[in-house]
Amino acid sequence: MKCAFIGLGVMGYPMAGHLQQQGFATTVYNRTSAKASKWVEEFGGKSADTPREAVLDADIVMVCVGNDEDVRSVFYGDHGLLASISENTIVIDHTTASAELAQELADEVHQRVALFLDAPVSGGEQGAINGVLTAMIGGDKEAFDEVQPVLECYCKTREYMGPAGHGQLAKMVNQICIAGVVQGLAEGLQLARKVGLDADTLIRAISQGAAGSWQMQNRYKTMWEGHYEHGFAVDWMRKDLKIALQEADRNGLSMPLTALVDQFYAEVQQLGGSRWDTSSLLARLEK
């Protein structure tokens, strides 16, 4: 089975590496060609000069880029992947993007007698490196069933959510939930420090009950120590929350907590924390 992987950022680079290492002949494309050359040196496989060239004869095409505009740039045009995908190709977009775009791309792919999945992932850079990401997947169910051996290379959890766009909608819910939890944890740790509680003892006491969370278990110590280089960047979180807030607006929903935390992340950016991880909400409180 031949694969093409478009986009070798902090997520795509190791994801594509897992494919090649586990026996799937993989051709990669990256906007910065030096990154693609480095990937080939590390993992083998091949690189191509354009998305169109990368997906020639590919059975499965994966895309993992930055935002809606980036996705369109690799799908459309004379050098885009839509110009050369074959019938029955399965196209998987791992980018966190809008549900509207997923529905648009599904229509475009179907016109070429191919199949489409929107499959944003959660788990961050370490999840990609360790091959234990979670994928929330919308689109063609028959494609979802067929690509399981491929997705297993870098996704520990794979859930089919429904038709095209539903993977993206599920990812929005994921980011909304994370934002609220991290803000609560940041405020709790701020109070704990102010009143002189020992962080380790505190977390042992409360983490096994209703207050416990992945964020608490994995981020409390680095937050306490002021280390914010451990995961998903604030810039990316703001991009994702913008998508979620726009979707809520289209549906006539109010999400005041999400909107508020998004503004808190804007303040973190102003502090110079654009590339800090999302737990840096505590830095804003302690500035």
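Q: Is Lys-171 buried or exposed, and how do I read that?
A: Buried means under 20% relative accessible area, exposed means over 50%, and partly exposed lies in between (1.4 Å probe, protein chains only). Lys-171 has a relative accessible area of 4%, so this lysine is buried. A word on the numbers: this is a predicted model, where local features need pLDDT of at least 70, side-chain atom pairs count only at pLDDT 80 or more, and totals for chains, interfaces and linings use all residues. Residues are numbered from 1 along each chain as its sequence is written, and side-chain values use heavy atoms, with hydrogens and water left out.

Q: Where does Lys-171 sit, and which residues does Lys-171 touch?
A: Helices are DSSP runs (H or I, at least four residues), numbered from the N terminus. Lys-171 belongs to helix H9, residues 166-195. Contact means heavy atoms within 4.5 Å. Leaving out residues up to four places away in sequence, Lys-171 touches Thr-96, Pro-120, Val-121, Met-136 and Asp-240. Take Pro-120: it is 51 residues away along the chain, yet the two C-alpha atoms are separated by 6.5 Å.

Q: How do H9 and H12 pack?
A: Axes are lines fitted to C-alpha atoms, for helices over the stretch in contact, and angles run from 0 to 180 degrees between N-to-C directions. Under 35 degrees counts as roughly parallel, over 145 as roughly antiparallel, 65 to 115 as roughly perpendicular, and the rest as oblique. H9 packs on H12 (residues 234-250) at about 115°, with the axes 9 Å apart, so the pair is roughly perpendicular. Lys-171 is part of this contact on the H9 side, and Asp-240 is among the H12 residues.

Q: What kinds of residues make up the H9 and H12 contact?
A: Ala, Val, Leu, Ile, Met, Phe, Trp, Tyr, Cys and Pro count as nonpolar, Asp, Glu, Lys and Arg as charged, and the others, Gly among them, as polar. Here you get nine nonpolar, one polar and three charged.

Q: And how do H12 and H13 run relative to each other?
A: The axes of H12 and H13 (residues 256-270) come within 10 Å and cross at roughly 155°, so these helices are roughly antiparallel. H12 brings residues including Met-237 and Leu-241, while H13 brings Tyr-265 and Ala-266, among others. That contact divides into eight nonpolar, three polar and three charged residues.

Key: Helices (H or I, at least four residues) and strands (E, at least two) are DSSP runs, numbered from the N terminus.
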